Every structure is written in structure tokens, then in C-alpha cells.
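Hi there,

Here is the structure I promised to pass on to you. Have a look at it first, and then read my notes below.

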Amino acid sequence: MAAINRDDVAHLARLAHIEMSAEELDRMAGELAVIVESVKSVSEAAGDDVPATSHPIPLTNVFREDVVGHTFTSEQSLSGAPDAYEGRFKVPAILDED
Amino acid sequence: MSTDATLSFEEAMEKYDPVLGFEVHVELNTKTKMFSSAPNVFGDEPNTNVNEVDLGMPGVLPVVNKTAIESSIKIGLALNCKIAETCRFARKNYFYPDTPKNFQTSQYDEPIAYDGYLDIELSDGTVFRVEIERAHMEEDAGKLTHMGGAAGRIQGADYSLVDYNRSGVPLVEIVTKPIQGAGSRAPELAKAYVAAVREIVKNLGVSDAKMERGNVRCDANVSLRPHGRERFGIRSETKNVNSLRAVEHAVRYEIQRHAAVLDSGEPVIQETRHWHEDTRSTTSGRAKSDADDYRYFPEPDLVPIVASREWVEELRATLPEPPAERRKRLQADWGYSDLEFRDVVNAGVMDEIEETIAAGATATVARKWWMGEIVGRAKNADVDPGQLGVKPETIVELNKMVEAGKINNKMAAEVLDGVLAGEGTPAEIVEKRGLAVVSDDGPLLEAIDAALAAQPDVADKIRGGKVQAIGAIVGAVMKATRGQADAGRVRELILERLGVEG
Amino acid sequence: MTENNVLIRLSAAALARKLAAGEVTSVEVTQAYLDRIAAVDGGPRGVHAFLHVNTEEALAVAAEVDAIRAAGGAPAAELHELAGVPIAVKDLIVTIGQPTTAGSKILEGWHSPYDATVVKRLRDAKMPILGKTNLDEFAMGSSTEHSAYGPTRNPWDLDRIPGGSGGGSAAAVAAFEAPLALGTDTGGSIRQPGAVTGTVGVKPTYGSVSRYGAIAMASSLDQIGPVSRTVLDSALLHQVIGGHDPHDSTSLPDPLEDLVAAARLGNVDGMKIGIIKELHGEGYQAGVENRFNESLELLKQAGAEIVEVSCPNFKYALGAYYLIMPSEASSNLAKFDGVRYGLRVLPKDAPLTIERVMGATRAAGFGDEVKRRIILGTYALSAGYYDAYYGSAQKVRTLIQRDFEAAFAQADVLISPTAPTTAFKLGEKLNDPLAMYLNDVATIPANMAGVPGLSLPGGLADEDGLPVGIQLLAPARQDARLYRVGAVLESLLEAQWGGPLLDKAPELATSVVEPAETLETQEAK
């Protein structure tokens, strides 16, 4: 398994939308390298024949009937908004397009 | 906005072979959202068709809407897909302000339906099979409005406003396999394919299927390769092409643009393109980048969906008649010739004609109005005929007026323009514009008497039994009333006047 | 001891009896706890178990219960057994009318517009909510030192950690600031604080208590559970909060077992209790090991058969946990972006774009441990690494479940120390994430497999005089067994000690200021 370096951390921080200073990147790279090293045995623990478990207690087909429930008022929706305008959440310009 | 170079379509076709692919997003018309009990309603006050789940509040959990699952299975069945015995949702992780959790809950490697096909009939009757890769479930995002920049565009905007009412609306994304061999029919096939999908989901009753409202949205992938080459070229993905005509135009434009790029020796860039209806062209969106690492993983807050064969068969039994069979039945019911019916289908007014007949018109009348009057107007307005806003009731009312002799066909066309201009109901417009055929017998009788007096020999002939001579009198009366009289009534009155049985 | 000091030391079950008998009012009980909070929680050497004290509402609910009781008739008869018994709620669980911070700056000042399902159930039972307790930021930690609002202190030794992430709930109960509390347990956050503070904590079977309204760290591991001073009290609280919830898709449809009856039954005669070979011995403090062995002896004397089981794949549990947990957390915490609620921080320089606002907000709003786990999780999920990391960890989960299945084929209940050591000093492991993670080695397997676990006090370690926790584990959906065995062990141990272990805890210095004033300064912090 690959070691984790400063450039990796910088890339991951971009993906995770967390700004990091140069000093933080260095420190985080060092700490993560130790952690990643310590978890590497995991990839060798189970053979190909072992299925993955994503839910500890298996359930299937948990559904909701299509019946309308409660809704928020505009005030409730926006009650915690850092910024709002005319009933909508206001955010600075979006440069990057989806 | 820079303009890209294009080749003529004909030249592009001479040199290259197009390969298409479509991702069509269908908004389901369930009462509630995919994962929350908030209402799935279009166009209310912002941020009021939401609860904590749709806003991605801390601590919330999703619960799957059963009807959405059933609708998705129905879509899969109608697309001749296999229905997965078990499938799951995953999280697609990316940050965007219209995505309240900063991940979209979507199916990824386990779609509910896969490996289907759709037979598409082109305008000349050729049937082209489009292979369906998968149909998977996901949730819609909120709506962003960009403020301060030019005309609501994202570029140059000062700030954006977010309304999460649409957040969590159930979507089914239908993905085709690469479509090869369409050649110069590619733009036509593109339009016909999207029209067919729209028809299917509408017919199933699982979506309102209004493209102008975004109920059906199309992303069109286009790539070109030199004739005879196996390997696909690099594709572009034109996003949110939201009318049938635009699908046709966008595919045609991209073929022409790609051809020009390839001719210049440059590589095509794999990127998102944006369709602009005003210029009928696309502009560059965003190139694929490392930001596209979506870090998919199975959604741990949801459990797998197991579609038992019994459940699937139960749903299959509820499916309405498939569109192709429906077309056959409608053609027979309406008595249209093959050519007439194909014209109706190609013009995209079959549903409209059906609705008009349901509202009380005969098949002939309905076709006369849609094909004779409305399709042309739609073409002039550059919209799909169904989007012009003609209600079936309007046609029925207009036709009744014509049949009752209140107005003639020429006037009816004028009234239709009035209706489309928003001047009111047909009756109101007839009144306002003073269009009524003269039906008060008083003035008519005066004109008839004058005409009979002016042509006594003709009057005698009619009296003598030569009723066919009546045309000369009728013509004179119509002339005198400047065409406002009902010719049938005039004839009756003349015969009455002369004491002859008609 | 003052009258109030007697009152606050009663178990929840005893308080409930006194309330029902009219020997005391809920307002008196609630006020006694509020006074205790005012006396021991604030100040530079205070326990600092609470982030918010909910004085007004708690007293209002207490008064309502008292009024219903006083009026008598059907409404009084229909009151829940725990009506009027106050409770503290971990600040990871959302509540209308009080702030919910998750111990993070990014949610400072945020008020939830909805209640968690468990909070609704507390309200339905008319239990006054005393306030919100401290935790490691977003429950990420084993010491409560990662709270953005300062650490909680261990009432046994104010220079030591109270465990984590639910150090606030455990310390509140241990310091008699609340008779009951709610915690959340992702890798041991209820049980390990219980162990190091000499209290009882239960992680129920995954899905048996609704997670709706608990701010998610790792969705497939998180579980809400009770914190208390006695096994019976945990059973009583578990019975209030447990049971199916349609808002949580992973909520089990099964009806809840009668846990209270199991706790009252307390019988181990003929039961097989399995020692997990891999969860004791090397790496475990000697005093912890001694108390553990004594508990085994007591259970044997009570008629249980002690067997040894082996769970060879548990050695991978910690590693797999530190892949699954951060992966899910990195996605769960993406929603904190400064758009809809909570903190928004603008970048220091131009351009002002939402991308940069998100980056600056998350940089300023999250602490180091949270960032570390988000980056680690982003790494484990990223293209090219998924199979090796997240995928492999999910397979290890299967292996751990198989180990549990094999073990439960040989034993009705499994037993181990809850944590390898007693409470360590504040700051001791703060700069060594890996050493901190190792503290959860015995609690993590239960979360990985979804099985229930209970930690109860096992005595004090010889070398430092600090509490040791004993962990009981049962098969999924068999939470009742934990209460049944736990109650027996508790009574045998208490008989040996001559009373509850907490009686041996040092008296806390109480603040001399008037309670009301203390509360205000608390709010102002």
C-alpha cells in the first residue's frame, strides 16, 4: 500500500474542502503516514472469498409509504442560515460549474 | 462567448461516423420526495417544501419512498430491462451548494434496472434499436439562482441564492449504451429516442414528463470517429438539453463542432458542454478533473432493496399498454392512413390529438387542427407543438362554432391566434373582434330579396326545380354581406323564400 | 451530608419510587441536580461536564410532572415510571430549545429545529432534560479533550480524562450532576468513559435505538445508549429510548425485550460466560487485569461457567475501524460547509467564492482530530484505494462477525476489561493519535459486529486507585442478557465493597458562589 505524502494530503484537503497551511500539511502528512502504516494489515486480512459487510444487522426493504408529512416554514428553514435573502440561502459567487 | 468552428453537417457526415449516448433524467411524480416525507411539488415559496432531511440538517436520516421504487421498477420493465434482485444506494461525494449534504444519494454499481432496449421508429418508418445500459435511482438537487451577473448566468455572478424545494425529488436516470450506426440520422434518432422515453414515462403515469418544467432532462454524449474505425472518439457531454427540438439541434451542432476540431488536427476535449437555445450552439463547461473523484461507497444509512420476482410480476401486471402497441391501436381507432399517422407522430402531436378527441372532437377534426393549424404555428414560434399552450377544449369549442355556422374556418384560425395571444376564450374573442357570421335573418333576407330581384331569371329557374342554379344567388348574397353570412343558412332561406323543397 | 446530597446520590430507580410515592417532588429533585451542577461543574477546576444547562425548561417539565401527580387520577396513573427523573443529553443529539454543538466550533450557537427521536421519547416520558453534555468534537476521541469548548475532568481525579467521546455524560453521572445521561457509542464512546469514571454505560444492539437526530460520525457503527450509576437504571432508560423508529432505516423492527425485568431477575446460574483470549493480558494494566479476574471469580461463585473463547480476527478490528469510521465520517461531516447553518468564515483574501468560503469555514470550524479523520476517510474512499482500504475493512467486519458467531456458540455472554488502562492524565496522549486510538481496542469489535455491550464498574486498580471497567458482550438482539449478568456482577461487587463504587470517589470541592449566579456564568462561557 502506498505511503501518504504531503502532496497527497494537499489533494485530499482540496477534495474535503478544508484549507490547510503549509505547516498543517506537513504535520498531517506525518501523522497520517503513521496511521496508514498501522492499518495496512487490514488489506491482507481477508481473502477474496470473504464477502463485505456494510450493515452489522442485515435488513432489507425498509420503505416509507408515499404520504406527505411535516414541512418547515421559510423561517424554520432559514433559522440557522449564515446569510439569506428573499427566503433563500445566500452564498457567495460560484465560479466552478457543476 | 467565443464561437467554435463548425463543419457543415453534410461534410461532417462524409468524413466521420457519430456515436451517441444519452443520460435522461426523469423526475418522478410521487407525492413525496425520495428520502423524506416533504411534498414533491413544483413552484411553491422557496424552502417551504422541505423538512430537516431535505436541508441536510445535522442528525437526519433518509427513508426510501416505496412508490418511487415501484415507479423505477415500472420504468425498468417498460424499457425491457432486467430488474436487479437486490440493489443498493451509494453516496456520491462532491461539494456544491445545491447539494445539501454535499453528497448525492444515488445508485452506483447496483442499479435497480439494467440491460434493456428501446425500439425507436424514425420518420420514414425505420426501426432503430437503442440499447439501455441501466436505469438507476437518485435524488435531485436544489435550485440555484445566480444574481448580479449577466442574465442569471453563473459567470460573473456576485452571489447565488439557493432554494431546496427540489432537493430530494426522486429521479430515475436512464443511461444508454453507446449508440452506433445512426449515421446522418443521428440528430433525428436523438430526438426520437428522448421523445420515446418521455412517452413511456408519461404513459406509465410515473412522471408528469413535461420537458419545459425539467421533468425530463437530457444529457447528450456525442463523439466522432473516422468511418471504419472501431475505437470511439473522445466525447463531449452536453448538459440539460430540455426540449425535443433542442436535443436534435444539440446533437447536430456537436457533430459539426467535433468534425471541425478533428479536421484541425486538435484532440476533442472530454468536457461538459452547455446548450444555448438562443444561439443554437454549445459552450465549454468544465473539463474532467481530479475533483471528479466522487468517493462512492454504499450508503450506510439505507439498507438493500430486494425486488422479489413476485413483486416485479405484480408491477408488470399493472403496466399500461406499451407506446408502440398504443400507436397501432390509435391509428386503427382514428382511421388515419399510414402516412397521416406517421406525420402526426413525427410532428409530436399524437398525445395532443388523443386528448382533443377525448375532449369531444372527431379524429378528423383533431388532426385537421393540430396538423393544419398548430404545428405550423409551433414551428414559427420555435417550440414543440404541445408547448404552445393550445388546450383540447379550445379546439372543441372552435370546431363547434364552425359546425354551428357561427364562424367559418378562416375566422376560426383568427380566433385561435387570439387565444394564443391570451385575449380570452374563443367566445370572448369572437365577440370582441366582431367575427360572428351574420346569423340574424333580417339583414340576410334583405340581401336575398335584393339578389332575387336582380336576377329574376335565376329565381324562375329555381322555382322551376333547377335548384343547382341557386349558387348565383348565394354568391350574390355572400358578396353583399362581405363573407360574414353562413352560406348554408343563406341557401335555406332562399329556398324558403321561393317556396321550394331543398 | 445535606438532604440534597442524599437525594442526588439516589439511583434513578430509587428516585422514581420516591417520586411515585410522593416523598419528593420532581422540582426538588431537578433543583437539587441543578444546584449540584452549579456547585461542581464551573470554574477552572470544575468538572465541566455540561456545555449548556437547561434550567428553565427542566424545572418547567418537573413542575408539570408534579402537577399531574398532585392532581391524581388517570393522568397521574399513566405517567411513565421515570417521569420527573432528570437526565442529561450528550451534545451530539439534537434538541429543540437548546443549542446543539457536537463539541465543535462549526455548530456554535446552532439550534436544531427538530428533536432527535430519543429526545422525543424523553419528552414523552416527561423526563426533565438538565442540559447538554461535553464530548470530543463530533464524538471523535477517547478523552473529551478534543472538545472545542475545553476538556471535561474526571471526578475521580480532576487532572485525568473522563474518557471519550462521551466524557461529559459519564462525568456528569459520576459527579452526581445527573442520575442518568444519554451517550453515543461508535467505537466505545459510552463504555470506555463508563469504565474510567466508575459508571455504567450500554451500547445497545445496532438498530435497537433510533439514531435519528444523533449527529452522525460513522453511520454503520453509531448507536445511542444509556449512561447511569446502576445496571437497573441503564435498563430503565434503555426501555424509554429503545424500540423501532420509522425515521431510521436501520432501526430494527423487533419489539424491545423486557430489559428492566432482565436487570431485576439477575441470575447467572448455569450460564456460560466466555473470556475473550485476545482482549486481556498483554497490553492491559495489571490493576485492570486483577479486577477483571476477580469479577470472573465472583461470577463463577454465582453459578456461571467460565469458558475461554478465541476471536483471532479481533486483531484486525482496530485497523478496520480506523478505515470504516473515518470514511463514513468524511462523508457525514461534508454537510458542515457554512451554507445552511452554523459557522461561516470568509477567506482572508480575494476572490470570495463559495468554494473558498467552504474551505475557510471548515478549516476554522473543525479541530485537528476531526480534520485528521476527514482526510484519512477521504483517502480511504478515494479512487484507486477503495478496494484496499474501505473494501478490505468491510471484509474484516465479516471476519469479526464470524468470530462473534463462533464465540457465542460456546458462551451466552462474553466478558473482557472495557479499556486496557484506567484514566490517563489530561494531555498525556493528546499528541499521539495512535496511542489514543489503542484505548478503544476492546470496545471496537462490538461496534464492528453490531452486538450489544455493557460496561460496569469492576473496582479500583491497585496501582492508581482509579476505576476499572468490566465489559459484557451479548449476541445481537440479546441486550437483556447484558442486564441480567450485569446486575448479578454489580450486586456481588457492591457486596464486596460495602456499597456503590462511587462512594469511594473523593468529595468534589463545591463552589461557594450562589447557585443561580454560577449558572449564569456557565451560560456566558
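To follow the sheet, you need to know that two strands pair if DSSP finds at least two bridges between them. Helices (H or I, at least four residues) and strands (E, at least two) are DSSP runs, numbered from the N terminus. Please keep in mind that this is a predicted model, where local features need pLDDT of at least 70, side-chain atom pairs count only at pLDDT 80 or more, and totals for chains, interfaces and linings use all residues. Residues are numbered from 1 along each chain as its sequence is written, while chains are lettered from A and ligands numbered from 1 in the order in which they are written.

Chain C holds an open sheet of 11 strands with mixed pairing, in the order E1-E3-E2-E4-E6-E5-E10-E11-E9-E7-E8. Strands E1 (50-53) and E8 (305-309) of chain C are at the edges with a single partner strand each, so one side of each has no neighbour in the sheet.

Within the sheet, strands E9 (residues 413-417) and E11 (residues 467-473) of chain C run antiparallel and are joined by four bridges. C:Ser416 has C:Gln471 in E11(C) as its bridge partner. Helix H15 (residues 387-410) of chain C packs on the sheet, touching E7 (272-276), E8 and E9 of chain C (contact means C-beta atoms, placed from the backbone, within 7 Å).

Now for the neighbouring chain: 60 residues of chain C are in contact with 48 residues of chain A. H15(C) gives the most to the side of chain C that touches chain A, with 12 residues.

Best wishes

Technical notes
Contact = placed C-beta atoms within 7 Å. Axes fitted to C-alpha atoms, helices over the stretch in contact; angles between N-to-C directions.
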